[in-house]
Amino acid sequence: FTSSNHTINKFVLLGLAESPDVQLLLFGVFLLIYVFTLLGNVGMMTLVGTDPHLHNTPMYFFLHHLSFTDACYCTVIMPNMLVSFISRNKDISFPGCVAQLYSFVFFGIVECYLLAIMAYDRYAAVCSPLRYVVMLPKTVCVWLVSASYLLGFLYAAIYTGCTFGGPFCNSNVIDHFFCDIGPLLKLSCSDRFLREKVIFAFVSLNGISTSGIILISYLYILSAVLRMRSVQSRSKAFNTCASHLMVVSLFYGTGFFMYLQPSTSHNGLDKVVAVFYTLVTPLLNPIIYSLRNREVKEAFMRHMK
């Protein structure tokens, strides 16, 4: 990052509300969300990690990493946000803002690729059940997850470099509740056209490649389900995929709304949408997977005995 950036040594996050009473209410709401998010995702990781049947199944190996990513993803944002609600201190240091943006993008990218991998996993389970273990042996699963983390590391460096690649001399007030790309670029006083185009290109590449894998996988799954004669088989296939589809819809729907529109189109609705993909989605993911998944319920009951 250029030395001219250091004309600003801290940022001020405006957050979600200015009224002290509303902030106190929001503190209670978001503290509950954070506690249940950690309980749900750490609980899912523990269940998958300790149950031999789940641990040795590719789907749950990927789910274990999705839960880890979700727990980290909201932890990047939530503690700082909770402190600002009760301390009234909305400051975040320049290095802290860089670290928050990098970590947020890193875990967000990893989640995109994990959801795409899980769509392929569902394709293998529904369309080639007899070859499922052959198509996804342990070594391939480990390689796919490792590639997700590596891509997250590289893309996060690109996005963070582009965002902080120019001086901030207009203002240090970020109209958001965390350090995000769009609000930070608005504060740049240098020409940000090229940096915005690079970010848009890589967001499009990530979004199109991962959502494309998901779409193609589900087209094959739909074709296979329509050929099934047994109602029971169709129902089983639907239940196998429903949880993943719900998670994908939540994450990609809100993510595309935020990052595939020009910076001039952003408005006050952005904060509401951001709450969904940064805080609500990590809360709902373990709930969706546990409520709609018979194997998870059975594993939970075994541990309760």
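This is a predicted model: local features need pLDDT of at least 70, side-chain atom pairs count only at pLDDT 80 or more; totals for chains, interfaces and linings use all residues.
Start at Asp51, which sits in the loop between helix 1 (20-50) and helix 2 (52-55). Its relative accessibility is 3%, and because buried means under 20%, Asp51 counts as buried. The side chain of Asp51 reaches the backbone nitrogen of Leu54 at 3.2 Å.

Next, look at helix 3, residues 58-75, and its packing with helix 7, residues 138-163. The two axes lie 10 Å apart, at an angle of about 20°. Angles under 35 degrees count as roughly parallel, so helix 3 and helix 7 are roughly parallel to each other. Helix 3 passes helix 7 in a right-handed crossing. On the helix 3 side the contact is made by Pro58, Phe61, Phe62, His65, Phe68 and Thr69. On the helix 7 side the residues are Lys138, Cys141, Val142, Leu144, Val145 and Tyr149. Of the residues in this contact of helix 3 with helix 7, nine are nonpolar, two polar and one charged.

Helix 3 also packs with helix 5, residues 94-127: their axes come within 9 Å and cross at roughly 160°. An angle over 145 counts as roughly antiparallel, and helix 3 is therefore roughly antiparallel to helix 5. The crossing of helix 3 and helix 5 is left-handed. Residues of helix 3 in this contact include Met59, Leu63, Leu66, Asp70, Cys72 and Tyr73. Among those they meet in helix 5 are Phe104, Gly108, Glu111, Leu115, Met118 and Arg122. The residues of the contact of helix 3 with helix 5 divide into 15 nonpolar, three polar and four charged.

Methods:
Residues are numbered from 1 along each chain as its sequence is written. Side-chain values use heavy atoms; hydrogens and water are left out. Helices (H or I, at least four residues) and strands (E, at least two) are DSSP runs, numbered from the N terminus. Buried means under 20% relative accessible area, exposed over 50%, partly exposed in between (1.4 Å probe, protein chains only). A polar contact is a pair of N or O atoms within 3.5 Å; within protein, one must be able to donate a hydrogen and the other to accept it, and residues adjacent in sequence count only if both atoms are side-chain atoms. Axes are lines fitted to C-alpha atoms, for helices over the stretch in contact, and angles run from 0 to 180 degrees between N-to-C directions. Angles under 35 degrees count as roughly parallel, over 145 as roughly antiparallel, 65 to 115 as roughly perpendicular and the rest as oblique. A crossing is left-handed if the near helix is turned anticlockwise from the far one by less than a right angle, and right-handed if clockwise. Contact means heavy atoms within 4.5 Å. Ala, Val, Leu, Ile, Met, Phe, Trp, Tyr, Cys and Pro count as nonpolar, Asp, Glu, Lys and Arg as charged, and the others, Gly among them, as polar.
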